[in-house]
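Have a look at the rings, then read on.

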Amino acid sequence: MNDRNAETVIINTDSLFPPSTASDMWGNRKKAYFAYEQPGVPLCSIVVQSYNRLNKTKYCVECILNYSKDVDYELILVDNGSTDGTFEFFQSVLHEKKKIIRVTKNMGAAFPLPHIRTHASGKYIVLVNNDIYVTKNWLSNLLKCYESDPRIGFAEPVSSNVSNSQQVDMPFDNFVEMQKKAAKFNNSDPSKWDERLRLISLLNIMRRDVLDIVGTYDPAFVHDFAEDDLAIRLRRAGYKLVLCGDTWIHHDHDFR
């Protein structure tokens, strides 16, 4: 029996064409995923996730606004249940392509991730915690690495205050000095790209096709080993993890 009241979903593909093929599976994935990309979509969705620590959040956002001008991006500000005026600060941030996601009660850092994926429209999704301070050329350098090889699925800068042999010490007395030193350091150099089996991810950058194939962090790993699990899934799908030794960011690891 026909049900004329059933909902019908029409997907109009009249103006689209099948993607061309590449010479390998990584290229085929990328071509198939982005063949139907709509015009006007930003290259990156930079996502700042914050839970209190307003002073850190303010400088984190300030750094993104000051040092990401060479890349087309939308800014997604996630208030993960803060009680210190973070939401009001996010409302005051001036950026042409801005979205705010507000979680009323903190349910953990992983809780907003599915909502972020729904609302992010960029080709790349870049997750930045509010204790990360980016520097000159940070994003353009990472993108150069990522785009250099379709097999690269994850790229990470070196940083202060990190383990796994990813730390580069850069002493400074204030943030002005820090930014000046970082600007001299951050010169794109493929000879400093190092393939790794695992990476500590202070700052995440993933292309959408890779993210949808591999997935994000498994909530089963509540405290530890989520990054190890993600690294295994990336490599199982045939992707490389690369540490970009030509790009330095600051991790303000003080818990205040």
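**Notes on the rings**

1. Let's begin with F89. Its relative accessibility is 16%, so F89 counts as buried, since the cut-off is under 20%. Keep in mind that this is a predicted model.

2. F90 is buried too, with a relative accessible area of 0%. F89 and F90 form an aromatic pair of the tilted kind: the centres are 5.9 Å apart and the planes make an angle of 45°.

3. How many aromatic pairs does the structure hold? There are six. Y59 and Y133 make up one of these, with an edge-to-face arrangement, 4.8 Å from centre to centre and 80° between the planes.

4. Are Y59 and Y133 buried or exposed? Both are buried. They also belong to a cluster: ring pairs join Y59 and Y133 with F172 and F175.

5. Now for charges over rings. R102 lies over the face of F87, 4.1 Å from the centre of the ring. In the case of K192, the charged end sits over the ring of F185, at 5.9 Å from the ring's centre.

How values were computed
Residues numbered from 1 in each chain as written. Predicted model: local features only at pLDDT ≥ 70, side-chain atom pairs only at ≥ 80, totals over all residues. Heavy atoms only, no water. Phe/Tyr/Trp six-rings, centres within 6.5 Å; stacked < 30°, edge-to-face > 60°. Buried < 20%, exposed > 50% of the residue type's maximum accessible area, 1.4 Å probe, protein only. Lys NZ or Arg CZ within 6 Å of the ring centre and 35° of its normal.
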